[in-house]
Amino acid sequence: MNHSKVVIVVNNIIGFFQWVFGIFFTIFSMLALLVCITGKMKFENAYMTIIVFLGIGIPLLLAGKKKRTSVKDFKKYVQHLSIVPGGYISDLAESTGESVDMVNKKLNYMIQRKYFANAHINKSENRIIIGNRGMADIIESSGNLQYVKETNKAIHNKIPNDIEFVSVKCPNCGGNNKVELRKIAECDYCGSSIKGI
């Protein structure tokens, strides 16, 4: 299992447990408050418990929700990035209905936490660059036609005509990848092993 996949799975699991324990602590504090309101216990005896359990429960709920939401956002972003090449943040924001600043913030969070395998944000072009992406993105993003022609020629000369590629959806992140038929490769987005069936 590669590092990116481990990070995603661990964040999802930790987020789930934070959420569950957050609910437990919050419900327990509400029950204590209810017992005080009904008069079965004096508020003076329970207020510290209520405050402590609320102080633990609410932050756990919020942290768990953030972790789980970030994993869902990662998978949503990868789906978009695998369909629309270029990685432009404005395109990603438009397709998700979020602001450019919000998408930028979320992408930085995901990159810092290593959700993407070898990625960074190119601030001058306002796009995400994913390190595992092949020459197709480099060619697509280049404005220099001569460079594109030379790169296409170099790629064409290096790849035999009889090699067949298939489109494979990554089981980990959902990204679409071009993989040589019957070969094992790494996902362009998360680095998971995928097989060209």
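Predicted model: local features only at pLDDT ≥ 70, side-chain atom pairs only at ≥ 80, totals over all residues.
Two packed helices are described by the angle between their axes and the distance between the axes. Here α1 covers residues 3-38 and α2 covers residues 43-83, and their axes come within 6 Å and cross at roughly 155°. Angles over 145 degrees count as roughly antiparallel, and therefore α1 and α2 are described as roughly antiparallel to each other. If we sort the residues in the contact of α1 with α2 by class, we find 24 nonpolar, ten polar and two charged residues.

I would now like to turn to a pocket. Rolling a probe the size of a water molecule over the atoms shows where empty space is left. The second largest pocket has a volume of about 200 Å³, and its lining is made up of Lys66, Thr69, Ser70, Asp73, Met102, Lys105, Lys106, Tyr109 and Met110. The elements that give two or more residues to this lining are α2 and α4, the latter being residues 100-112, and α4 provides the largest share, with five residues. By class, the lining of this pocket divides into three nonpolar, two polar and four charged residues.

One of those lining residues, Asp73, brings me to my last topic. Asp73 forms a salt bridge with Lys76, in which the closest N and O atoms are 3.5 Å apart. Because Asp73 and Lys76 are three residues apart in helix α2, about one helical turn separates them. The count of salt bridges in the model comes to four.

Note on methods. Residues numbered from 1 in each chain as written. Heavy atoms only, no water. Axes fitted to C-alpha atoms, helices over the stretch in contact; angles between N-to-C directions. Helix = DSSP H or I, 4+ residues; strand = E, 2+ residues; numbered from the N terminus. Parallel < 35°, antiparallel > 145°, perpendicular 65-115°, else oblique. Nonpolar A, V, L, I, M, F, W, Y, C, P; charged D, E, K, R; others polar. 1 Å grid on protein atoms, 1.4 Å probe; cavity = no way out; pocket = protein on both sides within 12 Å on 5 of 7 lines; lining within 4 Å. Points joined across faces, edges and corners; volume = space filled by probe spheres on them. Salt bridge = Lys/Arg side-chain N within 4 Å of Asp/Glu carboxyl O.
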